[in-house]
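Subject: Handover of a structure for your review

Dear colleague,

Please find below the structure that I am handing over to you.

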Amino acid sequence: MKQFWKSMLRSPSGVIGLVILILAIAAALFGPLLFPNSPWRMVQRPFLPPFTLSAVPLGTDALGRDVFAGMIFGARVSLLVGLVSTLVALVVGMPIGAMAGYFGGKVDDALMRFTEFFQTIPSFALAIVLVAILQPSIYSIVASIALVSWPPVARLVRGEVLSLRTREYVQAAIVTGQSNTWIILREILPNALSPVIVLASLMVATAILLESSLSFLGLGDPNLISWGYMVGAGRTVIRQAWWITVFPGVAILISVLGLNLIGEGLNDALNPRLSREGR
Amino acid sequence: MLSFLAQRVLKGVIVLLAIVVLNFFLIRLAPGDPAVVMAGEAGASDQVFVKQLREKFGLDKPLPEQLFIYVKGVVTLDLGFSFRQQAPVAKLIGERLPATLLLTLTAFAISLALGILFGTFAARFAGTFLDTAITVFALIFYAMPLFWVALMGILLFSVTMEWLPSFGYETVGANLTGLAHAVDVAKHLIMPAMTLGLFFMATYTRMTRASMLEVKRLDFVKTARAKGLSDAVIQRRHVLRNALLPVVTLAGVHSGTLIGGAVITETVFAWPGIGRLMYDALLQRDYNLLLGVFVICSAMVLIFNLITDLVYRLVDPRIEFAS
């Protein structure tokens, strides 16, 4: 563990990424306490330019709502959706990949055809269709993003398991009569985790981008403010008020960049052999 | 080669059928009784009309039979009727398809050409300032949400500098013909295509760079060098050709993302393609149209995947020797 942090902190991208992520999480957790302006309430005149009033540092939108407050509260939605949907995708993808790799043969064939099928469907189009049909809410958004992002997890885990199951310690466990579940959970998966962690950090970034795109198209949770929604709402008035679209977009850019950098840092720290094409 | 092609086409058809079946169940998941919804959309919701609709679309039949009717319809290119737009879904999509193909193929060509170019440069000058600059730019473009890049493009090139039009396919009411029309369309195309292309350009840059650095270390490159071949020939014929393989694979994987990106880009730039059609269907909760576009998008991805498979076999020098 100590070794891991050492090499993680040695890679510059890992350090920058970690700093960005910590700042974003801090903003999501404590921001609303420090800046109690509700992102939905009118606090000033509409179209107040940024940097004019210290109470509303980034100006107001077309309805006089605080852009900065929106960004702080939006961080919660983006990070939450990114993390939870990635976790769900891992919960779906890991068992499928592990079973395919461990049992091989027909099981492998069937599971991999199933995975390939989901990988062929254009993911963003499927996410749009699902959220539209299930009605936009934080649950339908998380479910849709998870549903379109698990196939790479399954494929990665399958590959790892495939190579691990021929190792001697796994063979030994089989000979001693351990159950398949026990061997997969206790012997194989812990050793297959590092590439999965790298992939997961990149998936959180992709999930944040997906969520913001859905919200931008008007498919966000109507009760929660999010960065994508803010950009979408500012789109029609971009000629009069550039700041409404610029700032939330910068927030998305920086968080996604941070997570991608963490992914690279983790990659360097956890598996120096694996090249960057991991995704 | 021919049997390989037949196999792939067969596989694609099976996947497409599965997607059509999935689509059928998604329509059933949509809120409301389809017949009542349709009647409401047609502007008359009395019981007799609802019953007529139910019979007409086979909604009174058992589910497997409904599925059969639906699949049969899709196979004969009957994707249902859009009551909001008062036109068959297939006709609406057919009208919009050329614009989407123009946009996505241009964006794809731009991203692939620039991505390979920048990636090659970065790998050639690995470790120098040029390499760092290209890598950092690629990282940033890779993290930008597409809709935001589009809006920043409009802000910069349309609002501030007034160089390029911010929406549409051509200047409305200009009635241009011939070359003037082509130039007009091209002007409208630049921003959407660049927007859509930038993200993929970043990906291909990173991929080309990583893969060229990897291939460079391999034995056959050393052999080529030992034979006394010039650096340019080695780079072009040995390194680049082998380094391109993963890039081609990635291009195939990305076709779905490209279509998804087209939805966003066409929405922002009011580009009259099927992505914009999907957005309109979304706003109006026109589920027949929405799912019709979805099936066509999936079919496009399958065709694109098939093409990349073929290209892969053409580029891969090992397969050439094997056959």
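A residue is called buried if 20 or more other C-beta atoms lie within 10 Å of its own, exposed if 12 or fewer do, and partly exposed in between. Leu9(A) has 13 other C-beta atoms within 10 Å and is therefore partly exposed. Please bear in mind that this is a predicted model.

Leu9(A) belongs to helix α1 of chain A, which covers residues 2–10. Leaving aside residues up to four places away in sequence, Leu9(A) touches Gly14(A) and Val15(A). Ile183(A) stands 174 residues from Leu9(A) in sequence, and the C-alpha atoms of the two are 33 Å apart in space.

Turning to chain A as a whole, its secondary structure consists of 11 helices and zero strands. Along the sequence the pattern accordingly reads α-α-α-α-α-α-α-α-α-α-α. Taken along the principal axes, the C-alpha atoms of chain A fill a box of roughly 75 × 45 × 30 Å. Of the 279 residues in chain A, 48% are buried. When contacts in chain A between residues at least 6 apart in sequence are considered, 70% of them join residues at least 24 apart.

Two helix pairs, both involving α5(A), deserve a description.

The crossing of α5(A) past α6(A) is right-handed. From α5(A), the contact involves Ser123(A), Leu126(A), Ala127(A), Leu130(A), Val131(A) and Leu134(A), while α6(A) contributes Ser140(A), Ile141(A), Ser144(A), Ile145(A), Leu147(A) and Val148(A). By residue class, this contact has nine nonpolar residues, three polar and no charged.

The second pair is α5(A) with α9(A), whose axes come within 11 Å and cross at roughly 55 degrees. These two helices are therefore oblique to each other. Here too, α5(A) passes α9(A) in a right-handed crossing. Phe124(A), Ala127(A) and Val131(A) of α5(A) meet Leu210(A), Ser213(A) and Leu214(A) of α9(A) in this contact. Five of the residues are nonpolar, one is polar and none is charged.

As to the interface, 32 residues of chain A are in contact with 44 residues of chain B. On the side of chain A that touches chain B, at least two residues each come from α4 (105–120), α5 (123–134), α9 (180–216) and α11 (243–270). The residues on that side of chain A comprise 19 nonpolar, nine polar and four charged.

Finally, a word on confidence. For the complex, the predictor gives an ipTM of 0.88 and a pTM of 0.89. Chain B has a mean pLDDT of 85, and 94% of its residues reach 70 or more. Within chain B, confidence is highest in helix α5 (residues 89–124) of chain B, at a mean of 93, and lowest in helix α13 (residues 317–322) of chain B, at 54. Where pLDDT is low, the predicted coordinates should not be read in detail.

Yours sincerely

Note on methods:
Residues numbered from 1 in each chain as written. Chains lettered and ligands numbered in written order. Predicted model: local features only at pLDDT ≥ 70, side-chain atom pairs only at ≥ 80, totals over all residues. Contact = placed C-beta atoms within 7 Å. Helix = DSSP H or I, 4+ residues; strand = E, 2+ residues; numbered from the N terminus. Nonpolar A, V, L, I, M, F, W, Y, C, P; charged D, E, K, R; others polar. Axes fitted to C-alpha atoms, helices over the stretch in contact; angles between N-to-C directions. Parallel < 35°, antiparallel > 145°, perpendicular 65-115°, else oblique. Left-handed = near helix turned anticlockwise from the far one by under 90°. pLDDT = per-residue confidence, 0-100.
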